[in-house]
Amino acid sequence: MIRFLAISLLATVVLTSCSLKTTEGLRQVPFTKIEVENPYFSNAEIDYVYKAKIEVYGKNFGGILIIKKIAAKSHRVVFTTEFGSKLFDFQFEDDTFTKNFIVEELDKKFIINILKDDFKLLVNEKAKILEVYESENQRIYKTHNDERFNFYFINAGTGQLQKIVNTSKTKEKMEIDFTSSDGKIADTIAIKHNNIKLTIDLEKFKKE
Amino acid sequence: MRNYFLLLFFIAFSSTIQAQDVTMNASEIAAFKEKVIASAKATQTIKTDFVQYKHLDFLADDVKTSGKMVFKAPGLVKWEYTNPYQYSVIFKEDQLLINDGGTKSKVDIGNSKLFKKLNQLIVNSVKGNMFNDSDFTVSFYKSSKYNKAVFIPKDKKIASYIASFELLFNKNDAQVFEVKMVEPSQDFTRIIFSNRTLNTTINDSVFSN
């Protein structure tokens, strides 16, 4: 009996320590929906222009992030300094990534990989649903992302996408928070990494 | 249909009266340079508004930002964006003092030759006086509305960022009223100055963060 208790106690500790905080306290629910959508960069008519503030290991950088849907499944993502000189220019088309330009100082494989993964997730419009969870005011859609998973948090009342959390099987790796007044355009976007000290804050250009 | 022809007519007409660039001859270049150098020498301070247009070929509209620029001889420049966000950079000796909407930072450019060059370029383009810069091949053009100097970098590294650099000068006072930076991809940034005041007193405290 004592052995059984010890084993089950151990099992509980091991299992809970391995489980994701993201889905803690949530109940899994059945679902019929096939795909979850991110509407924030889906309109090809709109030039999405944001003031960007990047903090990496205590250093601050600023710039302008420009995103445009240029074809059915294709986005252009360009980052410039405030003065307008291009720092990088990427293109995402399905699973194909093209580096049109990057300044020499940033042209390092690990930097490009981080930027590529972050912006690919940011502009990706649709993902196939694996599981669905529910909380009091949110529906959470779990999707696949190579070796990892993404959790899309949708406000149950407004239907607006509020957050995407990227995880491994056991750990949260990165999170994107959105605020939006109309549910179509994100007014602010915050990208936060857990394993590296990198945050990217984006604020939509105000209309004149 | 009639309106359509009318429109075509206006387009054709307006393009013919639009300023045509003509290459300056040697004596015109000499006279122009002299005028710009004299004007730059007489300029102790500049205060001006500016509008910046970033052109990217895939966008519907250019990205527009605007603000104020302050210059004090020999080399202090404050570049301040006020719309649609607050961001300022002060070029001071070997440092850039940045204030990004309240987040202040400092960049030492003493060790970066490229940064120094770009900094020098900005200061000199404000003054217009950069004809003796051996790092560029310069060519001169004139039109009925302006004089134009086009700078093409000789250095390969600078050329990988900037294909050419154009300064447009007023005909009367030889002051720069537009700067255009063309990237190798042919995307470009245009900065247009307005409401310029010259030689007013500007306190050094303007150039601190």
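Visitor: In what order do the 12 strands of the open sheet in chain B stand?

Guide: Strands of a sheet pair through backbone hydrogen bonds, either parallel or antiparallel. In this predicted model, the order in chain B is 1-8-9-10-11-12-2-3-4-5-6-7. The pairing is antiparallel, and the sheet is open.

Visitor: Which strands of chain B stand at the edges?

Guide: Strand 1 (22-23) and strand 7 of chain B. Each has a single partner strand, so one side of each is left without a neighbour in the sheet.

Visitor: How many bridges join strand 6 of chain B to strand 7 of chain B?

Guide: There are 6, between strand 6 (residues 95-100) and strand 7, and the two strands run antiparallel. For one pair, look at B:Leu97, which stands opposite B:Lys106 in strand 7 of chain B.

Visitor: And what about the turn of that hairpin? Which residue takes a positive phi?

Guide: B:Gly101, with phi near 55°. The hairpin of strands 6 and 7 of chain B has 2 residues between the strands.

Visitor: How many bridges join strand 5 of chain B to strand 6 of chain B?

Guide: Again look at the bridges: 6 of them link strand 5 (residues 87-92) to strand 6 of chain B, in antiparallel fashion. B:Lys92 has B:Gln95 in strand 6 as its bridge partner.

Visitor: How do I read the side chains along a strand?

Guide: In a regular strand the side chains alternate between the two faces of the sheet. Then check burial. In strand 7 (residues 103-108) of chain B, the count of buried residues is 0 among 6, and the strand is hardly covered.

Visitor: Is B:Val36 buried or exposed?

Guide: Buried, because B:Val36 has 23 C-beta neighbours inside 10 Å, and the cut-off is 20 or more. B:Val36 belongs to helix 2 (residues 26-41) of chain B. For a distance across the chain, take B:Val36 and B:Ile192: they are 156 residues apart in sequence, and their C-alpha atoms are separated by 18 Å.

Visitor: Which residues touch the most other members of the largest nonpolar core?

Guide: A:Leu65, A:Ile66 and A:Tyr152, in a core of 40 residues. Now follow A:Tyr152. Beyond its neighbours within four places in sequence, A:Tyr152 is in contact with A:Val36, A:Ile140, A:Tyr141, A:Thr143, A:Leu161 and A:Ile164. A second, separate core has 18 residues, including B:Phe32, B:Phe140, B:Ala149 and B:Leu167.

Visitor: How many helices and strands does each chain have?

Guide: Chain A has 2 helices and 14 strands. Chain B has 4 helices and 12 strands.

Visitor: What share of each chain counts as buried?

Guide: In chain A, 27% of the 208 residues. In chain B, 24% of the 209 residues.

Visitor: Among contacts between residues at least 6 apart in sequence, what share joins residues at least 24 apart?

Guide: In chain A, 36%. In chain B, 46%. As for extent, the C-alpha trace of chain A spans about 70 × 35 × 30 Å along its principal axes.

Notes: Residues are numbered from 1 along each chain as its sequence is written. Chains are lettered from A and ligands numbered from 1 in the order in which they are written. This is a predicted model: local features need pLDDT of at least 70, side-chain atom pairs count only at pLDDT 80 or more; totals for chains, interfaces and linings use all residues. A residue is buried if 20 or more other C-beta atoms lie within 10 Å of its own, exposed if 12 or fewer, and partly exposed in between; C-beta atoms are placed from the backbone. Two strands pair if DSSP finds at least two bridges between them. A nonpolar core is a set of buried Ala, Val, Leu, Ile, Met, Phe, Trp, Tyr and Cys residues joined through C-beta atoms within 7 Å. Two residues are in contact if their C-beta atoms, placed from the backbone, lie within 7 Å.
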